[in-house]
Amino acid sequence: MASECRGKSSWPELLGAQARVAIATIETQNPYVDTQVVLEGSVVTGEFSCTRVRVWIDRNRIVTRVPIIG
């Protein structure tokens with residue numbers, strides 16, 4: 001799974017950051033992934049993808065979960 005993916009796979013330092021900062025940081029540090037901003041409480045699919053990082057945010061656009069590949 002994540003160990004088979006290319007590049008950095010987790011960004012614990014972005015917990016509590018602004019969404020725009022998180023997106024820029026993730027896409028700079030791992031060019032193999034695309035970010036997907038998701039509002040807390042939203043329903044998402046469960047399949048794993050090495051090319052996706054979901055950035056979970058609250059209504060103030062603050063990151064609420066550690067962004068990880070998946």
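A disulfide is a pair of cysteine sulfur atoms that lie within 2.5 Å of each other. The views below are all taken from a predicted model.

**View 1. The disulfide between Cys 5 and Cys 50.** A search of the whole structure finds 1 disulfide, and this bond is formed by Cys 5 and Cys 50, whose sulfur atoms are 1.9 Å apart. The torsion about the S-S bond of Cys 5 and Cys 50 is about -70°, so the disulfide is left-handed. Cys 5 belongs to the segment before helix 1, while Cys 50 belongs to the loop between strand 1 (34-39) and strand 2, so the pair ties together parts that are 45 residues apart in sequence. Cys 5 counts as buried because its relative accessibility is 10%, which falls under the limit of 20%, whereas Cys 50, with a relative accessible area of 29%, is partly exposed.

**View 2. Arg 52 and the backbone oxygens beside its side chain.** Which backbone oxygen lies 2.3 Å from a polar atom of the side chain of Arg 52? That oxygen belongs to Gly 70, and the backbone oxygen of Glu 47 lies 2.6 Å from a polar atom of the side chain of Arg 52. When neighbours within four places in sequence are left aside, the residues in contact with Arg 52 are Val 33, Asp 34, Gln 36, Thr 45, Glu 47, Ile 68, Ile 69 and Gly 70.

**View 3. Val 53 and the largest nonpolar core.** The largest nonpolar core has 13 residues, and of these Leu 14, Ile 26, Val 53 and Val 55 touch the most other members. Helix 1 and strand 2 each supply at least two residues of this core. With neighbours within four places in sequence set aside, Val 53 is in contact with a list of residues that includes Trp 11, Ile 26 and Val 33, and also Pro 67, Ile 68 and Ile 69. Asp 34, Thr 35 and Gln 36 are likewise among the contacts of Val 53.

**View 4. Thr 35 in strand 1.** Thr 35 is found in strand 1, and its side chain makes a polar contact of 2.8 Å with the side chain of Glu 27. Apart from neighbours within four places in sequence, Thr 35 is in contact with Ile 23, Ile 26, Glu 27, Val 53 and Val 55. How many residues along the chain separate Thr 35 from Arg 54? They are 19 residues apart along the chain, and their C-alpha atoms are separated by 5.8 Å.

**View 5. The ring of Trp 56 and the charged end of Arg 65.** The charged end of Arg 65 sits over the ring of Trp 56, at 3.8 Å from the centre of that ring. As for pairs between aromatic rings, the structure holds 0 of them.

**View 6. Ala 17 and Arg 61.** Ala 17 has its place in the segment before helix 1, and because its relative accessibility is 16%, Ala 17 counts as buried. Not counting residues up to four places away in sequence, Ala 17 touches Arg 61, Ile 62 and Val 63. The C-alpha atoms of Ala 17 and Trp 56 are separated by 11 Å, and these two residues are 39 residues apart along the chain. Arg 61 is placed in the segment after strand 2, and this residue has a positive phi of about 65° although it is not a glycine. Is Arg 61 buried or partly exposed? At 42% relative accessibility, Arg 61 counts as partly exposed.

**View 7. Pro 12 in the segment before helix 1.** Pro 12 lies in the segment before helix 1 (19-29), and it counts as partly exposed because its relative accessibility is 49%. From C-alpha to C-alpha, Pro 12 and Arg 54 are 13 Å apart in space, and in sequence they are 42 residues apart.

How values were computed
Residues are numbered from 1 along each chain as its sequence is written. This is a predicted model: local features need pLDDT of at least 70, side-chain atom pairs count only at pLDDT 80 or more; totals for chains, interfaces and linings use all residues. Side-chain values use heavy atoms; hydrogens and water are left out. A polar contact is a pair of N or O atoms within 3.5 Å; within protein, one must be able to donate a hydrogen and the other to accept it, and residues adjacent in sequence count only if both atoms are side-chain atoms. Contact means heavy atoms within 4.5 Å. Helices (H or I, at least four residues) and strands (E, at least two) are DSSP runs, numbered from the N terminus. Buried means under 20% relative accessible area, exposed over 50%, partly exposed in between (1.4 Å probe, protein chains only). A nonpolar core is a set of buried Ala, Val, Leu, Ile, Met, Phe, Trp, Tyr and Cys residues joined through side-chain atoms within 4.5 Å. Rings of Phe, Tyr and Trp (its six-membered ring) pair if their centres lie within 6.5 Å; planes under 30 degrees apart count as stacked, over 60 as edge-to-face and the rest as tilted. A charge sits over a ring if NZ of Lys or CZ of Arg is within 6 Å of the ring centre and within 35 degrees of the ring normal.
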